[in-house]
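I opened my notebook beside this model and looked up a few things, one at a time. Here are the entries, for anyone who would like to follow along.

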Amino acid sequence: MIASVEEGYLAFSVGPSEHPKRTLVNIRRDREYVINTVPEALASQVQLCGEKYTPQASKFGLSGLTTLPSERVRAPRVAECKIQFECRLHSIMRFGESHTVVGEIVLMHARAGLVRDGKINPVDYGPLGRIAGRNYCGVRDIISV
Ligand SMILES: Cc1cc2nc3c(=O)[nH]c(=O)nc-3n(C[C@H](O)[C@H](O)[C@H](O)COP(=O)(O)O)c2cc1C
């Protein structure tokens, strides 16, 4: 989610788990990471990446997703994602057994043709929304008021 529009901060929550989630372990270690936003076409791959695996398993290998090097951070980007944010860790806040990670966007990548007049048309982009479990939704019925 957006933590700050003007300054460019994004946040997400890491929930509790039996083993420390690698997402949190890696971010604490490297203090930088990439947020890859997911288009509808990648629903199955995203679900695969969300299953439980041993910490040694490669989610890239399991899902078939591939990497692209980043420019400002060491973590690679997911090549198949049309919008990626290279981020530097700002803070990690603990709420009970969950952690909210807040990062500063240091570079945003958007696939050619997606940005028009500084804006992204959500219908052209087709982001994947998650409802719960294995249920997802698309963004088509936009209500303009
Ligand atoms: C679509 C989707 C969204 C998810 N969102 C979150 C989330 O916001 N926070 C979280 O802690 N886990 C989330 N999960 C579950 C993690 O993907 C799962 O716990 C994963 O195994 C953690 O991997 P890691 O150990 O590599 O960090 C989500 C899973 C799916 C499939």
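The entries below go from the strands to an aromatic pair, a loop residue and the ligand.

**Ground rules.** I am working on a predicted model, where local features need pLDDT of at least 70, side-chain atom pairs count only at pLDDT 80 or more, and totals for chains, interfaces and linings use all residues. I number residues from 1 along each chain as its sequence is written, and side-chain values use heavy atoms, with hydrogens and water left out.

**Strands.** I took helices (H or I, at least four residues) and strands (E, at least two) as DSSP runs numbered from the N terminus, and I call two strands paired if DSSP finds at least two bridges between them. Strand 1 (residues 2-4) runs antiparallel to strand 2 (residues 9-14), and 2 bridges join them. I found S4 bridged to Y9 of strand 2. Their hairpin has 4 residues between the strands, and G8 takes a positive phi near 75° there. Strand 2 also pairs with strand 7 (residues 98-110), antiparallel, over 6 bridges; L10 has G103 as its bridge partner in strand 7.

**Aromatic pair.** I searched the whole structure for ring pairs (Phe, Tyr and Trp, the last by its six-membered ring, with centres within 6.5 Å; planes under 30 degrees apart are stacked, over 60 edge-to-face, the rest tilted), and the search gave 1. F12 and Y33 sit edge-to-face, 6.0 Å centre to centre with 80° between the planes. F12 is in strand 2 and Y33 in strand 3 (residues 32-37), so the pair ties together parts 21 residues apart in sequence. I classed residues by relative accessible area (buried under 20%, exposed over 50%, partly exposed in between; 1.4 Å probe, protein chains only). Y33 is buried at 5%, while F12 is partly exposed at 23%.

**Loop residue.** V5 lies in the loop between strand 1 and strand 2, and I noted it as exposed at 59% relative accessibility.

**Ligand.** Which residues surround the ligand? I listed S13, V14, G15, K21, R22, T23, V46, G50, E51, K59, R130 and Y136 (a heavy atom within 4 Å). For polar contacts I used pairs of N or O atoms within 3.5 Å. A polar backbone atom of S13 is 2.7 Å from a ligand nitrogen. Ligand oxygen atoms lie 2.8 Å from a backbone N or O atom of R22 and 2.5 Å from a polar side-chain atom of T23. Strand 2, helix 1 (22-30) and helix 2 (43-50) are the elements giving two or more residues to the shell.

Methods. Polar contact = N/O pair within 3.5 Å; in protein donor to acceptor, adjacent residues only side chain to side chain.
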